[in-house]
Number of protein chains: 2
Amino acid sequence: MESADQLGLSVAFQEAQDGYKEGGIPIGAALVRVRDGMADVLASGRNLRLQKSSATLHGETSALENAGRLPVEVYRECTMYTTLSMCSGAILLYKIPRVVIGENANFKGEEELLRSRGVDVLVVDDEACKTLMARFIKEKPQEWYEDIGEMY
Amino acid sequence: MESADQLGLSVAFQEAQDGYKEGGIPIGAALVRVRDGMADVLASGRNLRLQKSSATLHGETSALENAGRLPVEVYRECTMYTTLSMCSGAILLYKIPRVVIGENANFKGEEELLRSRGVDVLVVDDEACKTLMARFIKEKPQEWYEDIGEMY
């Protein structure tokens, strides 16, 4: 992994860990702008379903929300880092060109849809991300199934 | 239109109008559960980009957020009403089976993606929805382009 990717994914993982400590679903994300080889973390966020009874603040939406309103051209220089493969509407809306995903072993999101629209998708298969998520799913399966819209 | 659709779309349009009065982007939505012929408005919401500097509270996400956490089976009995064709990640995530869209003349969202995943999509071509949205776009083109992720 490149150093910008290591930075982005580590910020996302920190959010996931913080979420876990709060009793939440441990999915984190970071929105990072890369220009001239410099990586700038614009915002990060984590799934807040359990903490805020939120049905829309997942990892990546939480990061986008925390970033606030940005000029559309900024999104086009960004990479979205998420600890887990998730859904992708906002990424397509804002035309974010690159997504780095910690793991997709615990859940496989809309990676193929993203690729079919020209988004550069990298799945890192990160052990720490996988282990933390698997632990949560084992501990709170009902909340996890709610998060992915499946019956438990 | 059936009476449940008239109810759902009128609630969505009221949200759009309220948003316009606040100086916001006039897109509204309503999440309606239909069982045994009875329509129950679970929640409604409107685009809050300008009011709350929010990059994620569009029409349909705002309605989903206001609905709070719902059991996954509830979403599967719902129709999402929106005044304008928008993006669709959350609708797919929660497997909402039906979407009624006020108009898609001012913007065409991910209708084909929704249909390809089995969602029943009805576009109503509603004059009131079209007129309100066109008026806003004319008045605040920059904010509108920001909302659809395009350069102005």
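The legends below describe close-up views of a predicted model. Local features need pLDDT of at least 70 and side-chain atom pairs pLDDT 80 or more, while totals for chains, interfaces and linings use all residues. Residues are numbered from 1 along each chain as its sequence is written, and chains are lettered from A in the order in which they are written.

View 1. Strands (E, at least two residues) and helices (H or I, at least four) are DSSP runs, numbered from the N terminus. S3(A) pairs (at least two DSSP bridges) with strand S1 (residues 28-35) of chain A in the antiparallel sense over five bridges; Arg33(A) stands opposite Cys78(A). With strand S4 (residues 98-101) of chain A, S3(A) pairs in the parallel sense over four bridges, and Thr79(A) stands opposite Arg98(A). Buried means under 20% relative accessible area (1.4 Å probe, protein chains only). Cys78(A), Met80(A) and Thr82(A) are on one side, Thr79(A) and Tyr81(A) on the other.

**View 2. Asp147(A) in helix H8 (residues 141-147) of chain A.** Asp147(A) counts as buried because its relative accessibility is 0%. Leaving aside neighbours within four places in sequence, the residues in contact with Asp147(A) include His58(A), Met86(A) and Leu93(B). Contact means heavy atoms within 4.5 Å.

Notes: Side-chain values use heavy atoms; hydrogens and water are left out. Buried means under 20% relative accessible area, exposed over 50%, partly exposed in between (1.4 Å probe, protein chains only).
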